[in-house]
Amino acid sequence: MGLNNTYKIVLGSARNAESPDVDSRLSLNLEQNFLQEAEFERIQDINLAELFFQERQKSDIFRPSTKITFLFDNSYVGETNYKPFRDNLYYVNSVSSALAACGSDQADSILWSGYPQYFEFDLIRTDNNVQGYTTPTINPVTQPHIDFETSKANSYNWNFYLSYAYENDSNKFLQCQNLFYPNIAHSWLSGDGIPFVIKNGKYNGHPVIFLYCSLKHNLSVGEYVELSFSYNNNNLFSVDYLGDGSFNSELYVVGLVDVGYLGNTFSDNVTGTLKRVINPDHPIDTRSTYYVRKHKILTNPEDAVLTNSGFELNPFRIEKKYEPKQLTPNQRGRLSVKNNGQTYTLSFSKDINLKDVVDNQLRPVSELFFTQIWIGKFGWTMKPISNNIGLRQGFSFNLQLNNDRPNPWWDSNPQQLNTNSLTNIQLQNFTQGGRTFYYNKPPVVNDVLDGALCEWNDFTFSENELSQIYHKFVFNDSVFNINLGSSANFNSNPYGYYYEPFNKIKVRDFSSYIEEGESQNVVGIPNYAAYSENSLSFRWRDVYTYGYVDETDAGVNFPFLNGVHYPFEITTFRVVPEGSNENQFINVIQDPTIDECE
Amino acid sequence: MNVSKYKMVLNPNNLQTNNDKYLDIPIELKWSELGQDDSIDEIQQRTVEEVIGKPTDFDCVRFGNKTYPFTTKTDINYVFNFFDSINGSLSNPTSWINSYEQQGFDINETYFISNSFAKSFFKLDLYDTDDSRTQINYLTLIIPTNLSTKIEIQKPFLPDLKPVKIPKFTLDYLGNKESFFIYWLKNTNYLNLTTFYMSAKFFNAKTGEFIRLTNRPFSSIGSFKFNQSEYFYYKVKLNYSDYTYEIFDYTSQNNEVRKGSSSDPINWYQYVNP
């Protein structure tokens, strides 16, 4: 479109003799009116499946739920003369205690020993009507140990949350004894990699340098390790063997061919750390990073809805017995329970909106974690160890017993205390009967907790969990002493229970293949893609659409209704007595894979 | 928008050569409707949504009884009283008795849980209003007779006291949980209804009759012509901030008294139809 009118600007004197010559300006008003003509008509067939698919992909709201199989073995016998605890034990010496009390002027001072009942560890307490313990006594009227609120029955012992991994910590100080050679200790930062000790040996007659790691190395033959020390300015070495022939050792032991290295670099008992490198020509691109994952809490304790999962029980037998009134300190007959097996269902009243929420690798969040934290409101466990913290944390390599005693990692002796074994969960307390009882202060939304020790590799674009994190709690020996007849040393490092606080549930999944592309040629490269100097392109894994599961079982397909995703997972929650489940390497020779002479 | 201002001046050096001056302004507009397809897609999507509707959240969440003030208790107590039609009098409030005997269930039937007793139940209906002409029943809570409280009484010809059930119910987070929780919409976008009016009926499986119940004995009402909204209902309020509910006795919208604790239970009385 052009301008049709021609404007002519003339001098004032040219138009009228008396007119002054002045500057002229031209103002142009540009105004358009136009009407859109109907170009065509649209017809759309409404396809229910397609519409469902679109709505499903559009939604970022999740309502996760889980069925929890709670596995707990009540294992520690202790003694107490604190009345509310003493009167509610599962007794193991009721006859001798009853006889002692019978002949004593001070029956109340007699120690009764037994197991704390199952209620003390159960996910939902049901002992809401025990006089003197959870309700006041009637004659005479006395205050109970805890005035039981039935609405809090599912939060006295444990609190339940949802969390996600949102950050990495490469500077976490870690310690352990070598898994294979407990006399050798390792101290390292989480970002340093995997600690190992060198032992020289032979494989098929060839000299081999074995690196004995304390956690799973996630290496394959043909890959490389970058060691924390060098030989002739080289610290990259090819992985030639996995395992030393003993059962399961291929997960922990790396073999390097000894080509005749000189000096003491690879001598026995040399310790160091290693990192996985996939391509030695591009060590920066293909080197793994190591870190402790940090979790952010998404819900508050009151958002959790925990109910019995019908009548479902775990397969282990229920242990209960009748305590005759003659053999109880308060002369009341009752049923006492040592172990039970109820299964539970956990859901949340709060919806989880994951729009624009990214994980610790800045990808869309693909995993949520059912998170359980020991509270111990009744005060059997917990006492301040340092900075008003009592709940401990460690990794799989900290669970090994040391001379049949708990690992030194857990020692609470002030001279030997390792503050890295403390969680960041503060204690609270209350006083009853002249004694102070401690319990953990429940975390709330946006609190941060340490998680698993992980490896990330930009080349494979995947995260690998090397070790779960574990929480450990022990009994408060001033109210319930389990170190019967033991020396004082044991009191600073007693046995306890440990558990995994995080149970994963997938809410999205990444492709099993890796996409690769250059920014100028490919549209839609996600902002979480990693640039590879090796291939001079971006690498990433696609987020699969909901409902699609590939042949490698990657993908998620859970119900979608009400405009909301309903992921569901069955979780097994184990509370393990220390020492019963340590990593052990039985000296089993694997079946030969080549011939009988191997 | 920046506007160019053109200024035309005379040639100051040679006025004789000053001629008319022309300004050619080439204004050319080329445009296309950027995003036209996107807009049409959006209209199409909106139209489809209008035709077949958007996903609506019908998921429910559970509401438990709110803790009573100055206590730690959350139990809810219902006490049902039946009219003693043999010895009772409509003007005497003690004619309404907390016992199943008035409904024809003798002690043996409640003690041994006969079929007719086991199949009887209380039905609590929750309506959106207390106007029986317009109200809609949104929720129903069923309390089976097997949850009844037991009291020890002396049975004829037996030496010991025996536990016999009476129509009184204590429901809580633990123990008797059936009908303690109210399950209602999690999202109020579809139906924003947080106040209900609860009426009660008793189904007597022995006679096959439904017995209606009022919140006061007839002796307090005094007349067969009474305001139904005042005597047939308790008010139930849901609280979405902590997912709890409270039940009120109300004589007017502004006069509400919380009920349900063990010391001040929710009392229901058989409505005696003239």
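Let me begin with one pair of residues: A:Pro195 stands opposite A:Thr273 in strand E16 of chain A. The model is a predicted one, in which local features need pLDDT of at least 70, side-chain atom pairs count only at pLDDT 80 or more, and totals for chains, interfaces and linings use all residues. Residues are numbered from 1 along each chain as its sequence is written, while chains are lettered from A and ligands numbered from 1 in the order in which they are written.

That pair belongs to a wider arrangement. Strand E10 (residues 194–203) and strand E16 (residues 271–277) of chain A run antiparallel and are joined by four bridges. Helices (H or I, at least four residues) and strands (E, at least two) are DSSP runs, numbered from the N terminus. Two strands are said to pair if DSSP finds at least two bridges between them. In chain A, seven strands make an open sheet with antiparallel pairing, in the order E13-E12-E16-E10-E11-E15-E14. Strand E13 (234–238) and strand E14 (241–242) of chain A each have a single partner strand, so at these edges one side of each has no neighbour in the sheet.

I turn now to the domains of chain A. The assignment gives domain 1 as 64–163 + 295–509 + 569–577 and domain 2 as 169–292; such bounds come from an automatic or database domain assignment. Between the C-alpha centres of domain 1 and domain 2 of chain A there are 37 Å. Contact is made by 20 residues of domain 1 of chain A with 21 residues of domain 2 of chain A, where contact means that C-beta atoms, placed from the backbone, lie within 7 Å. On the domain 1 side, the elements that give two or more residues are strand E27 (448–457) and strand E28 (462–467) of chain A. Strand E27 of chain A gives the most, with seven residues.

One residue of strand E27 of chain A deserves attention, namely A:Gly451. Is A:Gly451 buried or exposed? A:Gly451 is buried, because 27 other C-beta atoms lie within 10 Å; the cut-offs are 20 or more for buried, 12 or fewer for exposed, and partly exposed in between, counting other C-beta atoms within 10 Å, all placed from the backbone. Leaving aside residues up to four places away in sequence, A:Gly451 touches A:Ala165, A:Val292, A:Arg293, A:Lys294, A:His295, A:Ile469 and A:Phe502.

Next, the interior. A nonpolar core is a set of buried Ala, Val, Leu, Ile, Met, Phe, Trp, Tyr and Cys residues joined through C-beta atoms within 7 Å. The largest such core has 66 residues, of which A:Phe160, A:Leu162, A:Leu346 and A:Leu368 touch the most other members. Its largest share, six residues, comes from strand E7 (residues 158–169) of chain A. A second, separate core of 39 residues includes B:Phe63, B:Tyr127, B:Leu213 and B:Tyr243.

Finally, chain B has five helices and 16 strands. Of its 274 residues, 28% count as buried. Among contacts in chain B with a separation of 6 or more, 59% are accounted for by residues 24 or more positions apart.

Definitions and conventions: Two residues are in contact if their C-beta atoms, placed from the backbone, lie within 7 Å.
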